[in-house]
Amino acid sequence: LTDDVSSLKEDTGILKDDVSLLKDKVNVLTDDVSSLKEDTGILKDDISSLKNNVNVLTDDVGDLKNNVRNLNLDIENDIKRNIQLLAENYVPAAKRYEQTALRIEAMEMDIDIMKKVISDHSQRLPVLA
């Protein structure tokens, strides 16, 4: 009987040690679970913030698409038409300038000749008079 009691005490001591070890491990697991819960909460907040940022970016991209569409319409309807009008008016004006430049050059040559003739006549008239 003493052997049995002694064996029971020994087994109880081992069980107590095992239970104590299990308690320590459960405490560690509890701490780990608490830490995981905190980390999960932080991740949820981060994901929520990211979702908000993505929504803002999506709105911004939509606005940019509208702006680009409007710019393309302005370019197509106004700027191209105005450039075409400028080109249509510039070409005839450039041709007129080119023709006028040739006439002006010819007139300058005629004026130079007239100056020489007038100068020559101015020298001859006193002699004839």
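The structure holds 2 salt bridges, a salt bridge being a side-chain nitrogen of Lys or Arg within 4 Å of a carboxyl oxygen of Asp or Glu. This is a predicted model, in which local features need pLDDT of at least 70 and side-chain atom pairs count only at pLDDT 80 or more, while totals for chains, interfaces and linings use all residues. Residues are numbered from 1 along each chain as its sequence is written, and side-chain values use heavy atoms, with hydrogens and water left out.

**The whole chain**

Along the principal axes, the C-alpha atoms fill a box of roughly 175 × 35 × 15 Å.

Next, show the surface of the protein chain. Its accessible area is about 12,100 Å², of which 60% belongs to carbon and sulfur atoms; such areas come from the Shrake-Rupley method with a 1.4 Å probe, and for residues only the protein chains shown count as cover. Of the 129 residues, 0% count as buried (buried means under 20% relative accessible area, exposed over 50%, partly exposed in between; 1.4 Å probe, protein chains only).

**First stop: R81 and D78**

Select R81 and D78, which form a salt bridge with their closest N and O atoms 3.6 Å apart. Both residues lie in helix α1, 3 residues apart, about one turn of the helix. R81 is partly exposed at 45% relative accessibility, and D78 is partly exposed at 34%.

**Second stop: R124 and D120**

Move on to R124 and D120, whose side chains meet in a salt bridge (3.3 Å, N to O). These two residues are 4 residues apart in helix α1, or about one helical turn. D120 has a relative accessible area of 28% and is therefore partly exposed.

**Last stop: a nonpolar patch**

Finally, select I75, I79 and I83, which form a nonpolar patch on the surface with about 260 Å² of accessible area together. Patches are made of residues with over 30% relative accessible area and no salt bridge; like charges are joined within 9 Å, and nonpolar side chains (Val, Leu, Ile, Met, Phe, Trp, Tyr) within 5 Å. I75 is placed in helix α1 (residues 2-128), and at 37% relative accessibility I75 counts as partly exposed.
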